[in-house]
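Hello,

Here is the structure we talked about. Please have it open while you read the notes below it.

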Amino acid sequence: MLAPTFLAALCGGYISLEPPEAYKLWSSGAFAVTIDVRTRREYETEGHLPGALLVESLGATRLIPEALRGCEDCAIGVYCTLGVRAKQAADVLDDAGFTNVYEILGLRQLVSAGFPLDRSPLPER
C-alpha cells in the first residue's frame with residue numbers, strides 16, 4: 001500500500017486522513033494550522049478543536065484569509081462537521097497553491113477518535 005503523502009504527490013491535491021491518522025498528526029503538533037470551515041454558530045455551539053482557526057465556509061466563498069498567506073507549504077488540517085465542506089475547502093486551498101493540505105473529515109468523526117473539544121467562544125468582532 002502506498003503512503004498517503006506519496007499518493008498525493010502522484011495525483012496532486014490534498015491528502016485525506018482517517019480520524020486515527022489525523023489524531024496522531026494533530027496531537028504530535030504536525031499541523032501548523034488546523035482550520036474549521038463550519039459557520040461561527042457551529043464553531044461556538046458545537047465546540048471546535050483547540051487552537052482551530054475558523055475560516056467560515058471556505059469551500060463556498062473561496063476566500064483565503066490573510067492569516068494563511070505565507071503558509072502555502074505549511075501542514076494544514078481542515079475539518080467541518082461531517083467532511084463534505086472540509087473536502088471543498090481542501091480543494092480551494094489546493095487550487096490556491098497550498099501544497100501540504102490534509103482533509104481530516106468532520107468534527108463528529110474526530111471526537112469519536114479521541115480529539116478533545118474546546119467550547120470557548122470566539123472573541124467579539
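Glu46 counts as partly exposed, at 33% relative accessibility. The model is a predicted one, and in it the side chain of Glu46 meets that of Arg38 in a salt bridge, 3.1 Å from N to O. Arg38 also forms a salt bridge with Asp36, at 2.7 Å from N to O.

The structure holds six salt bridges. Another of them joins Lys87 and Glu103, whose closest N and O atoms are 3.0 Å apart. This pair links distant parts of the chain, with Lys87 in helix H5 and Glu103 in strand S5, 16 residues apart. Lys87 is partly exposed at 34% relative accessible area, whereas Glu103 is buried at 0%.

Now to helix H5 itself. H5 has 12 residues, 84-95, and at 1.5 Å a residue it should span 16 Å; its end C-alpha atoms are 17 Å apart, which agrees. Which residues of H5 are buried? They are Ala86, Ala89, Ala90, Val92 and Leu93. Seen down the helix axis, these buried residues fall within an arc of 160°, so they line one face of H5. Among the elements that cover them are strand S2 (33-36), helix H4 (58-61), strand S4 (76-80) and strand S5 (101-106). The face turned away from the buried side carries the exposed residues Val84 and Asp95. Just after H5, Gly97 takes a positive phi of about 100°.

Regards

Conventions:
Residues numbered from 1 in each chain as written. Predicted model: local features only at pLDDT ≥ 70, side-chain atom pairs only at ≥ 80, totals over all residues. Heavy atoms only, no water. Helix = DSSP H or I, 4+ residues; strand = E, 2+ residues; numbered from the N terminus. Expected span 1.5 Å × (residues − 1). Buried < 20%, exposed > 50% of the residue type's maximum accessible area, 1.4 Å probe, protein only. Arc of directions from axis to C-beta. Contact = heavy atoms within 4.5 Å. Salt bridge = Lys/Arg side-chain N within 4 Å of Asp/Glu carboxyl O.
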